[in-house]
Amino acid sequence: MNLTQHLDWNWEALDYQLANFLSRVDKDNSLAVEQAVKILSHEVRQGHVCIWLDDFSDIEVSPSERTIEVADWRRSLLKSSAIGQPGDLTPLILDESNHLYFHRYWQYEQQLAAALKSRVHCELETPEDSWFDQQFKNLPLSEQQQEAVKKALSNNFSIISGGPGTGKTTTIASLLLLLNHFDPDARVGLAAPTGKAAMRMQEAMLNSAEQFDPADAVLLETQAQTLHRLLGYQSGKVTFRYQQSNPLPYSVVIVDEASMIDLALMNKLVSAVAKDARLILIGDRHQLASVEAGSVFGDICIDRQTNVLSSTLTLLTKSYRFSAGQGIEQLSKSINAGNSDAVIEILSSTKFPEIEWLNPEVDSIIWQQQLKTKVFQQLDAIKSAPSSAEKFANLSHFQLLCAHQKGRFGVAGISSAIDDWIQKKYRLADKIWYAGKPLMIKENDYQTKLFNGDFGLVVAEKEQKFRVVFQSSNEHSQSLSISRLPAHENAWAISVHKSQGSEFDEVMLVLPESPSPVISRELLYTAVTRAKSKITIVSNEKVLRHAIEHQIQRRSGLANGLSVENKELKSDLPESQLNLF
């Protein structure tokens, strides 16, 4: 563990309140419990599922306070009635590996690991090898893609991981066609974590149709939906309509952008898929993990013999988007390899016109002028486009991405600056509402049928009134008055996290002036791979090297739970009564 990462803890009130509340249970052990709970609360907010006591023993948590040696800490914690061992009904669970959990996260992890293991050993009626050989003759699939399709049809759980342009969409389209040949009565559910990702999944499927026979291509019109809609979101309830006791009515469930799914939602998804149905997860294991706790997709994609799921995993590595040696592909590979020298060399090279590196300390005027030019061009194109579809097509030509939400180089600050530029250039009376402005929905809203990550465009009506137009996956659009909009934000700049599931012709990534815990290899890779034709990175060298050398490793016990040797999972747990924890 890098101790320097924890010298500035940035505690929040919740950390203190929760620690104080639970430490009162046993006054004799109050300090040991208080420290553990405070650290656990802090780390869960950072996306970790649990803490590993070994990593946090004998470190400073305040100028006058240190944690104790791990063996003594464990003994003290287990004396508390608030902390139990696996299977106990206590607010916190401390397992034999010194992993400390809030009870509900331990339960989610146990249930998910047990459910995934049981799916691996479930027998299904599957095609013969000779049937696959015959079918593959008529499909444009590489050996890796054929392997992925075969695993998906031969198992009731499979994983496909690959970067942008590695043929994931073609693989899934081929899978749907072969599935129809093998089982014409199969019911298929397509889903993604966000509305934007679902729409992108739908568009990609339709665009791949030209590779197939027209009679088969109609099967690719299956509508994709958000995971919350798939599972049956119920307003005011913490449970979904579809769950283990009332499984989804599909014999095949395919979920794209699975790296965005947190532990709690993944557990609910897996439990809602019928035991004799196929579940196929698709994503990129190198991308950013979920916003909430867990890095489930990364954990289940660990490619080693001890992972019981390794036989269900297919890694797609060949890029069909970029030709061999093209800059963006080389850049993304070097980032993944953690080779900062190679990344700096690529960015500094003049061989790759599709890559540009601007140092804000030297090129401050240049990058801002480039951004102004791009935004003005995009706004003019959006406003002049005759149809909603063409307006949204222009929106996908360029996107500004930021690592932080706040700050000088954050989403809010730059978006506000762009509004100022536009108001000045076009002499607008209002910089908040004007035709052509892009917006992004921040939360799922089932009344308006708008979802987190949906893009909208402001359009003008008569008498200086405005509406916002949204495009759905079936290419139809809907419009809402400003007063009916769910929570939303200016989308001239968006966070790298919210760009997942999207692709743009050109991307400009703006990083902060100094390193921060948010800046990571995964964030840089995710941003770079959003670009199809050009990436511009605005950053100094120090921050770039920090990003490449800082790999996020979220603490959990899922990989251990999925180990071949681990047979001590609690799969028959009741719904937790400890909702607070």
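A: In this predicted model, the C-alpha centres of domain 1 and domain 2 lie 38 Å apart, with domain bounds taken from an automatic or database domain assignment. The contact (heavy atoms within 4.5 Å) takes four residues from domain 1 and four residues from domain 2. Residues are numbered from 1 along each chain as its sequence is written. Local features need pLDDT of at least 70, side-chain atom pairs count only at pLDDT 80 or more, totals for chains, interfaces and linings use all residues, and side-chain values use heavy atoms, with hydrogens and water left out.

Q: How much area is buried between domain 1 and domain 2?

A: Buried area is the accessible area (1.4 Å probe) that two parts lose on being put together, summed over both. Here the value is about 250 Å², and carbon and sulfur atoms give 71% of it. On the domain 1 side, Val44, Gly47 and Val49 lose the most area to domain 2, together 92% of what that side buries.

Q: How many salt bridges does the rule find across this interface?

A: A salt bridge is a side-chain nitrogen of Lys or Arg within 4 Å of a carboxyl oxygen of Asp or Glu. Between domain 1 and domain 2 the rule finds zero.

Q: Is each one buried or exposed?

A: Buried means under 20% relative accessible area, exposed over 50%, partly exposed in between (1.4 Å probe, protein chains only). Glu257 is buried because its relative accessible area is 12%; Arg427 counts as exposed because its relative accessibility is 76%.
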